[in-house]
Amino acid sequence: MGRGKITISRIENKTTRQVTFAKRRAGLLKKTHELSVLCDAQIGLIIFSSNGKMYEYCSAEASSMENIIKRYQLATGTRIEEHNESEQLHGELRRIKTDTHNLQLSLQRYTGEDLSSVSMEELDGLEHMLEHSVHKVRTRKIELLQQQMQNLQRTEKILEHENGQIYHMIKEHEAAAALAAEHHHHQAQMTMVAKAEEENRNANHVNVLNQFPFDGEEQPSSVLQLATLQAAPGSHNFYPCRLLPTQPNLQDYSLN
């Protein structure tokens, strides 16, 4: 089935009117470009929206819109009136004020203000636009939260790995310190035992010397020196002496 005929009349709904303008403007520009390319035609197209915004198209052969306008003036014998620069500035200022006012009305509608003059269709369109915007905002928010969670998880794994390495290093240092302390304690015990044994030997030597009093000019300092002096009767360092026994069962004898 073919398309039904559409009644050509002004669209009352502002949102629908803007959407229709954008779609048909794009189609018109496309058809204009196709006509220029296919038929080698020089075309100049100027469009003004209801808000006063200008759209234009100029074929590549014409190089600029000014050339198209000059050809139009020569072909028709007309001349476009030159406006005063101040009038152009005032017109541009009025257009900017109109655009600003429309933007303010749109912002007020988006924030829920001044909805008394809005129709039901416009409210439906505004509701759909707001729902779509909220969906996009929430989607982006969820993406950012997921990225932050992933970054935190990676940071947590890195910190856990570093903490594990530090823990093992501390354990190794503690084990080495404990081993060194044990070795030092063992060396100290060995030194104390050796010192005690040396003191015991010295005490035994003193006890032996005390049991055999020696009369002479040179007093021996050890049992070995005492035995050496006693074993060398012909030496010039030998002095007559007498060992006095301290035990009652020892017999007296003289040294020759």
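Helices here are DSSP runs of H or I with at least four residues, numbered from the N terminus, and the expected span of a helix is 1.5 Å times one less than its number of residues. This is a predicted model, in which local features need pLDDT of at least 70 and side-chain atom pairs count only at pLDDT 80 or more, while totals for chains, interfaces and linings use all residues. Residues are numbered from 1 along each chain as its sequence is written, and side-chain values use heavy atoms, with hydrogens and water left out.

**View 1. Helix α3 and the glycine just after it.** Helix α3 has 26 residues and reaches 37 Å from its first C-alpha to its last, close to the 38 Å expected. Just after α3, G112 takes a positive phi of about 85°.

**View 2. Helix α2 and its end-to-end span.** The 12 residues of α2 (residues 65-76) should span 16 Å at 1.5 Å a residue, and the end C-alpha atoms are 16 Å apart, in agreement. After α2 comes G77, with a positive phi near 70°.

**View 3. A nonpolar patch on the surface.** L107, Y110, M129 and L130 form this patch, with about 360 Å² of accessible area together (Shrake-Rupley method, 1.4 Å probe, only the protein chains shown counting as cover). At least two residues of the patch come from each of α3 (85-110) and α4 (120-211). L107, which has its place in helix α3, is exposed because its relative accessible area is 55%, where exposed means over 50%, buried under 20% and partly exposed in between.

Technical notes: Patches are made of residues with over 30% relative accessible area and no salt bridge: like charges are joined within 9 Å, nonpolar side chains (Val, Leu, Ile, Met, Phe, Trp, Tyr) within 5 Å. A salt bridge is a side-chain nitrogen of Lys or Arg within 4 Å of a carboxyl oxygen of Asp or Glu. Buried means under 20% relative accessible area, exposed over 50%, partly exposed in between (1.4 Å probe, protein chains only).
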